[in-house]
Amino acid sequence: MLAMLLRRLFLGLVTVWIVSMIIFAGVEMLPGDSCTAFLEREAKGKLLENCREAQGLNRPAAERYFDWATSAARGDLGISANGEKSIAELVGDRLGNSLLLAACSLALGVPLAIFLGVVTGLWRDRPVDLAVSTLAIFAMTIPEFVSATVLILVFSVWLGWLPGIVLTSASAPASEFFPEIILPVLVLTMVMTAHILRMVRSSVIEVMAGDYIQMATLKGVPYWRIVFWHALPNALLPAINVVALTIAWLLGGVVVIEVVFNYPGLGRMMIDAISDRDLPVVQAIALIVATVYVCVNLSADILTMFANPRLRTLHMRRG
Amino acid sequence: MTGPLIDIRNISVGFTGKSSATLPVLRNIDLKVNAGESIGIVGESGSGKSTLALAAMGYLKSGLRLMEGSVAFQGQDMFARTRTELEQIRGGELALIPQNSGQSLTPTLRIGAQLVEALRLHADVPEAQYSAKAIELLGQVRLPDPAAIMTRFPHELSGGQQQRAAIGMALAGEPTALLLDEPTTGLDVTTQAHILELLRDIARDRGMAMVYVSHDLGAIARVCDRVVVMYAGEVVLEGSTRQVLKTPIHPYARGLLASIPRLSDPRLPVALDGRPPAPGGAGQGCSFIDRCALAQDGCRTSRPDLERLPSGEAVRCFHYQEAHQLSLTGSGAIPASLDGASPSALHLDYLAISYRRPGLYDKVLGRDSAGVPTVDGIEITVAKGETLGLVGESGSGKSTILKAIAGLLPPSGGKITVAGGQALAPEVEHRSPDHLRKIQLIFQNPDDSLNPRQTIAQILEQPLKLYFGLTGDALHQRSAEILDRVRLGAHYLDRLPSQLSGGEKQRVAIARAFAAEPDLVLCDEVTSALDVSVQAAVLDLLNDLKATQGTTYVFVSHDLAVVRALSDRVAVLYQGRLCELGPSADVYAMPSHPYTEVLLGAVLEPDPDTAPTLSADDVVELSPPAQGCPFQRRCPRKIGRICDTDTPPWQQGVKDHTIKCHHSIADLAAAQAEGAAGQRA
């Protein structure tokens, strides 16, 4: 069991390491560097050379990768190319904001998705299932920026209930993001709920058709006890991995929503850094997002293993 | 209470088909079960026997509905009761033992939790005693170390243990009637025999009624007082077990009995041609008419009623008085066998196979991880045109050996050579096209081995293109010829596997193997997924192909009677080691290896006058012992320390019959003759 955990952890570290090399190589292959971006039209001759020397850009790539990787491992992500500010500090605020957005959306979306998934699964093909499933398909297929714009139009422009854009500064404490955060959370919740609920629905349907549910029925177990005691622990196992993917998506992939609502999260910072050619920041964010993906998936696998007796004993026996 | 415990009156159950017509699965069934009585319901897949048993609990699978009739338990209509009332009865007075306990126990709940749940719902026991009572129940179903079993999850138990746990759960509510839906299907012979004895004892001790649903007439013969034979959703014959199994008066029952291969009869069983009508497919007449040898014009126009006879039997046939003309036992073909010496077609030279491969960690630590190989020391020569049967329980390594011969699982030691002394490459990728063509494998389940998206033509054309480069008309003509050889017409070429019955699919799988014109055909449980009447036809086909093509078979099955019907020589395996090898007549007769003796003793014949001999328990061993005899832990004739430490020698019997045992042949013969005499006394 422990050996298996250590093995997975080791593989996770290797993944992050390989990703860091790909990120570095990718940035390296881009034409130009932070000096050409910083100096703009002056980027030639002596001035460019001086800048590169000052930032250490004239050293061999392998050496620079090694420096970057070792300091990143220590938590030092370097200095932003234009502002002389520590990237760790810049990113720290943004990561906190992204976590806030993700946490709110998850707290709202996951329970809702599981509830609706179970309801639609149990009342399959009944009106409630048809209504919820149709809505879910809409929520999944309408592009996020469209639903975001519609919500802004309705709740902030017409009704005037909620602010349609986030004006709080990136470094403000979490409490100041209310009520501005509500609309972005709603949009994210819609999309993720739809995904998770469809998965939960099909899983519930599959489990409820199983032999052990028929057996429980013929053993005289009351219906709701069958649902909560026999069916759901099995039906919800696959949901763990979908939730994990959703978390990873919320922390790194919600660029569009952040841009539409002007939300100061990681995704928008990435877009800004790319357009500013602030390559150290781009590298740092890419690395953070990759690490989050690895961590979240690892935790999901471990959690699934603990929740599924079959997998648990399998690994126990192996030692 | 007077009257029957379970009273099923004239029920018909159906589902709504594509054409929105209601298609019946059960038609006008009457069934009465008295308290303490044990009734068997027999039929092939699709006959509606499970549906009938579940209907007795007031339960129909989703999509089915009750069209007419009533089901009463203890005088009360089960389909008129509320959900709460049904929950009270189900698992309480009326309990079910399911077909596949592995899938019928909730995987996320411990055995203890599931038993306690049954007790909480139905038993009259104070809460503090639940766990003590649960342990007591597990002890009653003869599970070793019940307290430990309580904390296990279902997947941590063997198939036999799961089935026992399910029986324990059914007993929690102290039922007056037990419904058993194929409770021993899929279990090893020894496990099956033990479970049946357990059920007999429990039913007798508690005076429980049993409704035992099975396709296995041997199990029915052992457990039931009365038997109901179902065909196409109807009861066609009902009577005492003796009447139905010894002198059946319905043509279908006679055909069914004749299609069962028997240990005592070396002849091939007789196939029952044709297939039962699909639900709603039976015409106005008798539903068995298309397969009946006694059918006359009258049978086509009107449907016979279930006629009750003074003898206590009931039969649905106009011509039951002529049924005795139909043979009950194998007038089937004598198995084709080779005469005289023949060159070797396959030689296994101390074959050893290990599933565990050394992992990265083992290599780093220099650990020897291979441990005891799963299969070891297999030394067999198969002559050209000969059929070698491999028998043994699950885990005996019989399928593993087939996979190694086919190249799907490289052996960890030893050699495989084919005709002419050429050694086969261990991995299938490294074998020459000629070797690949010469060795063909037929799998157990044609549903898994035939690509569902390819037509039969596409399936058959693959080997023809690959090995013979046929194209165009020649290809088509050859495919049709091959289909004809397995007794399917050319009109099957355009069909998809899903449009074929189980037996037809297995014929296509056989045709595909024979399309390569192989020297050696490996058959892995090829009839296990089929109904007996279909199984007989497939055995007949394999025997025919052997006679006409001179093919060599290695035939693997857990069913000893099936192996006997087809094999010239038989090898008995336990835990991946050879126990006994010889001509089938000698292996199936005494003297034999103690393990063979245990296996043969546990086989149930469809004859109420026979009883199994249970000489060893049915413990499942996960890995073979590191030294000594592989059967040392279960052997009823164990000598002592020598069995634990020394690999037994081959004891030479008559001709090439050999037994791997520390006992000499003479000792075994004497001991087994004494045992047989003791049985008779």
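## Salt bridges and ground rules

Counting over all chains, the structure holds 38 salt bridges, a salt bridge being a side-chain nitrogen of Lys or Arg within 4 Å of a carboxyl oxygen of Asp or Glu. This is a predicted model, where local features need pLDDT of at least 70 and side-chain atom pairs count only at pLDDT 80 or more, while totals for chains, interfaces and linings use all residues. Residues are numbered from 1 along each chain as its sequence is written, chains are lettered from A and ligands numbered from 1 in the order in which they are written, and side-chain values use heavy atoms, with hydrogens and water left out.

Here is one salt bridge to start with: Arg222(B) pairs with Glu197(B), and their closest N and O atoms are 2.8 Å apart. Arg222(B) belongs to helix α9 (residues 217-223) of chain B and Glu197(B) to helix α8 of chain B, so the pair ties together parts that are 25 residues apart in sequence. Helices here are DSSP runs of H or I with at least four residues, strands are runs of E with at least two, and both are numbered from the N terminus.

## Confidence in chain B

pLDDT is the predictor's confidence in each residue, from 0 to 100. Chain B comes out at an average of 88, and 95% of the residues score at least 70.

## Domains 1 and 2 of chain B

Chain B is split into domain 1 (6-107 + 174-325), domain 2 (108-173), domain 3 (344-571) and domain 4 (576-680); the bounds come from an automatic or database domain assignment. The C-alpha centres of domains 1 and 2 of chain B are 29 Å apart. Where they meet, 29 residues of domain 1 are in contact with 23 residues of domain 2, contact meaning heavy atoms within 4.5 Å. About 2,100 Å² is buried between the two, 58% of it on carbon and sulfur atoms; buried area is the accessible area (1.4 Å probe) that two parts lose on being put together, summed over both. Leu105(B), Thr106(B) and Leu198(B) supply 27% of what domain 1 buries against domain 2, more than any other three residues.

There is 1 salt bridge between these domains. Arg142(B) and Asp201(B) also pair up through their side chains in a salt bridge, at 2.8 Å from N to O. On the domain 1 side, α2 (83-89), β6 (94-97), α3 (101-104) and α8 (189-206) of chain B each give two or more residues, and α8(B) gives the most, with 8 residues.

## Where chain A meets chain B

The contact between the chains draws on 21 residues from chain A and 29 residues from chain B. It buries about 2,500 Å², of which carbon and sulfur atoms give 58%. For chain A's share, Met215(A), Leu218(A) and Lys219(A) supply 27%, more than any other three residues.

Chains A and B have 2 salt bridges between them. Lys219(A) also turns up in a salt bridge with Glu117(B), the closest N and O atoms being 3.1 Å apart. On the chain A side, α9 (211-218), α10 (223-235) and α15 (309-318) of chain A each supply at least two residues.
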